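The following exercises concern the structure shown below.

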Amino acid sequence: MNRARKITAGLAVAALAAVGIGAAAPASASYGQPRVPEVLKVPDGNKFIGLFPAKGVQTYQCTSNAWTFVQPDAILTSHGRPEILHTKGPVWTSVLDGSSVTGSAVANSPVPNAIPELLLKSVGNRGPGKLAKVTFIQRLKTKGGVAPTGSCTDGVTASIPYSADYAFYEAK
């Protein structure tokens, strides 16, 4: 085989391998436990159970000429399929089994030009199912979602797109 054919064959194999790796690579829901700032670390005695990418909006309402947070609305996915809904509370509900977890923020880490990353502790679960035993949630890799700035008219709402990864933990 001449040199040009060897290079071409090598590039073809590399391209096929890259395509194969890309196609076989799992969605975020299958990756291992994420690295986080110290303030967002989950206490010992809890185990990581999954990481889910999310896209949605953070909704704000103008009250007394200031934007105030109203609620999140997001869809968390696994391998590109909707798996968990995130709504006001904050609450996460499995679309597969109806289980849910309600969280309360216990720590945050600022992110430039985005909503902060959070550590949330479960304050209530409903189950049985995927979220029935969740003890902690981390909101990570946030992009967007920041409240509008400037003056506003009372009663006006704005829903600002955001994305994040949500990591879930349960007791060992």
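**Exercise 1: The surface patch**

Task: Determine which residues form the nonpolar patch on the surface, and where V95 lies.

Solution. Step 1. The nonpolar patch on the surface consists of I75, L85, V95 and L96, whose accessible area together is about 350 Å². Patches are made of residues with over 30% relative accessible area and no salt bridge, with nonpolar side chains (Val, Leu, Ile, Met, Phe, Trp, Tyr) joined within 5 Å and like charges within 9 Å. Areas come from the Shrake-Rupley method with a 1.4 Å probe, and for residues only the protein chains shown count as cover.

Step 1. V95 is found in the loop between β4 (91–94) and β5 (100–111). Its relative accessible area is 43%, so V95 is partly exposed. Buried means under 20% relative accessible area, exposed over 50%, and partly exposed in between (1.4 Å probe, protein chains only).

Step 2. The origin of these values should be kept in mind. The model is predicted: local features need pLDDT of at least 70, side-chain atom pairs count only at pLDDT 80 or more, and totals for chains, interfaces and linings use all residues. Residues are numbered from 1 along each chain as its sequence is written, and side-chain values use heavy atoms, with hydrogens and water left out.

**Exercise 2: The order of elements**

Task: State how many helices and strands the protein chain has.

Solution. Step 1. The protein chain contains one helix and eight strands. Helices (H or I, at least four residues) and strands (E, at least two) are DSSP runs, numbered from the N terminus.

Step 1. Read from the N terminus on, the order is α-β-β-β-β-β-β-β-β.

Step 2. Of the 172 residues in the protein chain, 36% are buried.

**Exercise 3: The disulfide**

Task: Identify the cysteines that form the disulfide, and decide whether C62 is buried or exposed.

Solution. Step 1. The structure holds one disulfide, defined as a pair of cysteine sulfur atoms within 2.5 Å. The partners are C62 and C152, with sulfur atoms 2.0 Å apart.

Step 1. C62 belongs to strand β1 (residues 46–63), while C152 lies in the loop between β7 (134–144) and β8 (157–171); the pair links distant parts of the chain, 90 residues apart.

Step 2. The torsion about the S-S bond of C62 and C152 is about 75 degrees, and the disulfide is therefore right-handed.

Step 3. C62 has a relative accessible area of 2% and is buried; C152, at 16%, is buried.

**Exercise 4: The salt bridges**

Solution. Step 1. There are three salt bridges in the structure. A salt bridge is a side-chain nitrogen of Lys or Arg within 4 Å of a carboxyl oxygen of Asp or Glu.

Step 1. E170 counts as buried at 16% relative accessibility, whereas K47, at 37%, counts as partly exposed.

Step 2. K130 sits in the loop between β6 and β7 and E83 in strand β3 (residues 81–87), so parts that are 47 residues apart in sequence are tied together. K130 is partly exposed, with a relative accessible area of 33%, whereas E83 counts as buried at 10%.
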